[in-house]
Protein chains: 2
Amino acid sequence: MIGVDWGTSNFRAFRFGNTGEVIGRRSYPIGILKVREGKFAETLQEQVGDWIANGETRVLLCGMVGSRQGWTEANYLRCPVKIDDLAQAVMKISFAGAEAMLIPGVMGEDSNGVPEVMRGEETEAMGIVDDCDGCGLVCLPGTHTKWIKLRDRSIVSFLTCMTGDAFAALRKHTILSRLMNSEAAMDEASFLRGVARSADAGGLLHHLFSVRTLALTGDLKEETTASYLSGLLIGHEVRAVMPADVHVHLVGAVQLCKLYQRAIAACGGAATLEDEDAAARGLAAIGRRLGWL
Amino acid sequence: MIGVDWGTSNFRAFRFGNTGEVIGRRSYPIGILKVREGKFAETLQEQVGDWIANGETRVLLCGMVGSRQGWTEANYLRCPVKIDDLAQAVMKISFAGAEAMLIPGVMGEDSNGVPEVMRGEETEAMGIVDDCDGCGLVCLPGTHTKWIKLRDRSIVSFLTCMTGDAFAALRKHTILSRLMNSEAAMDEASFLRGVARSADAGGLLHHLFSVRTLALTGDLKEETTASYLSGLLIGHEVRAVMPADVHVHLVGAVQLCKLYQRAIAACGGAATLEDEDAAARGLAAIGRRLGWL
């Protein structure tokens with residue numbers, strides 16, 4: 001079986017052995033926004049055609065490839081959602097090379113009844129559901145960071161923070177951009193200073209201005225302002241959404257997860273980095289329920 | 001006397017009669033960022049040269065024209081700052097056409113000891129100091145909204161929120177931009193819905209995603225998403241910085257001040273719109289202390 005996590009920015013494919021072990025993997029920056037004229041079938045064939053030629057007959061896909069901007073729009077399942085619910089709701093898509101199925105997205109509500117949606121992260125969460133005994137808080141940092149609550153092996157609720165998206169916009173398109181024209185390395189002390197600042201009075205929109213004034217007074221070096229801004233945003237996110245006394249399971253790119261881990265610790269919480277291959281494991285788990293593994 | 005409020009984005013000039021009444025006014029979108037190769041003297045001459053030819057011999061300037069990116073860098077005075085302090089600290093600049101003086105900026109600290117700076121808004125605040133009996137909270141909405149505390153006719157402290165700057169960046173350079181490609185008119189109901197949303201749990205970075213999900217589910221019309229986003233940001237700002245039981249004096253463009261007035265009311269406060277000509281009145285008041293009026 002082939003599993004594909006096809007998001008807005010990236011395409012990641014896994015080839016699984018019979019027991020679900022990853023025997024091949026590929027990753028390309030050809031997210032769905034890069035696919036022209038709806039040529040999803042052609043793109044998939046280009047990336048994994050050799051695996052199909054070598055005997056793979058089934059492809060399972062998750063992520064934004066199942067959105068309105070993707071290949072075909074798949075449903076959203078409503079919370080609570082178990083892994084069996086996802087497996088039962090996969091949607092067949094037309095693909096000449098092999099049998100191909102889309103995993104549905106998940107829809108929920110935040111604590112104030114405002115809608116929430118995700119595509120792809122539900123599969124990643126299911127990939128680590130065993131590691132946290134089916135219960136706990138999973139955080140998937142990124143452009144749109146997801147915080148997913150698991151209970152009894154179900155996704156019971158989740159919410160999204162536009163932290164990465166906001167960071168890029170604020171960094172490049174406000175007055176702060178004048179301080180941040182270099183691609184400076186992450187400075188941990190400045191990052192943690194931003195996290196600490198997020199606890200101050202005045203709110204995020206006020207704190208943003210401190211990036212400028214601290215640089216203006218020489219208190220913050222220009223090359224560390226991006227690290228400070230990152231800490232400010234992640235600090236605000238963590239303080240606003242992390243409940244007290246809950247252990248956080250981080251899933252995603254190691255560098256970013258480590259930053260979140262430090263921010264969570266600085267905000268009085270605790271977090272561990274889970275298997276980076278959560279998407280592969282989730283795809284395999286759903287494939288197993290389809291009888292494909 | 002000629003008074004000039006020369007900011008990052010705009011140039012506003014006033015010609016004053018002997019008693020400080022405005023007898024001529026001009027406004028152009030030629031902020032300091034539009035002035036090329038340091039040609040501030042030439043630009044000023046172009047805009048008010050006819051007034052000088054008609055007998056004006058003195059020009060008093062405030063705003064970002066006195067910043068490092070401006071004509072000449074003027075000092076910052078430290079809070080508390082009275083109108084007499086500003087008048088005593090004006091700085092002469094070289095201008096062939098007339099005697100020209102720059103009003104200094106003001107520097108302070110927020111409640112957590114983080115630096116704050118402003119240039120121009122101190123002059124506007126001094127323009128309405130009589131209207132609020134020298135005491136109260138003045139809010140000047142804009143790209144970088146200022147909240148200025150007055151006591152005994154002094155600026156005792158102030159803080160900045162990057163609300164307008166963040167709004168433009170988030171609107172145009174995040175996933176939300178796909179919803180907001182039209183220049184739709186302000187929709188008051190959606191604006192107030194955004195203000196109400198800002199009181200919910202989860203924080204601003206989470207609330208931003210509701211712009212997308214409410215539009216996705218059809219609960220918010222695409223053409224009203226920008227109004228909702230504006231309310232969300234202004235709501236967060238007001239809730240984070242407005243103390244309880246303080247009347248707010250709003251100074252600035254009438255449409256924007258009216259939005260802030262509605263947001264402040266929705267957050268349990270009260271505000272009045274003050275004289276839009278605060279800058280002119282502040283310039284005249286300082287000019288009077290220089291003996292120029």
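Predicted model: local features only at pLDDT ≥ 70, side-chain atom pairs only at ≥ 80, totals over all residues.
Residues are numbered from 1 along each chain as its sequence is written, and chains are lettered from A in the order in which they are written. Local features need pLDDT of at least 70, side-chain atom pairs count only at pLDDT 80 or more, and totals for chains, interfaces and linings use all residues.

**Exercise 1. Strand 12 of chain A**

Task: find which strands pair with strand 12 (residues 145–151) of chain A, and in which sense.

Solution. Helices (H or I, at least four residues) and strands (E, at least two) are DSSP runs, numbered from the N terminus. Two strands pair if DSSP finds at least two bridges between them.
- Step 1: strand 11 (residues 136–140) of chain A is antiparallel to strand 12 of chain A, with five bridges between them. Val138(A) is found opposite Ile148(A), and a hairpin of four residues connects the two strands.
- Step 2: strand 13 (residues 154–161) of chain A is also paired with strand 12 of chain A, antiparallel, through seven bridges. Here Arg151(A) faces Ser154(A). Two residues lie between these strands, and Asp152(A) in this hairpin has a positive phi near 50°.
- Step 3: buried means under 20% relative accessible area, exposed over 50%, partly exposed in between (1.4 Å probe, protein chains only). Five of the seven residues of strand 12 of chain A are buried, so the strand is largely enclosed by the rest of the structure.

**Exercise 2. Helix 5 of chain B**

Task: explain why the buried residues of helix 5 (residues 188–197) of chain B line one face.

Solution. 
- Step 1: list the buried residues, which are Ser190(B), Phe191(B), Gly194(B), Val195(B) and Arg197(B).
- Step 2: viewed down the helix axis, these residues fall within an arc of 165° (taken from the directions from the axis to the C-beta atoms), so they line one face of helix 5 of chain B.
- Step 3: their cover includes helix 6 (203–216), helix 7 (225–241) and helix 8 (254–266) of chain B, contact meaning heavy atoms within 4.5 Å.

**Exercise 3. Helices 4 and 7 of chain A**

Task: describe how helix 4 (residues 163–173) of chain A packs on helix 7 (residues 225–241) of chain A.

Solution. 
- Step 1: the angle is about 145° and the axes are 10 Å apart. Axes are lines fitted to C-alpha atoms over the stretch in contact, and angles run from 0 to 180 degrees between N-to-C directions.
- Step 2: helix 4 of chain A contributes Thr163(A), Ala166(A), Phe167(A), Leu170(A) and Arg171(A), while helix 7 of chain A contributes Ala226(A), Leu229(A), Ser230(A), Leu233(A), Ile234(A) and Glu237(A).

Note on methods
Heavy atoms only, no water.
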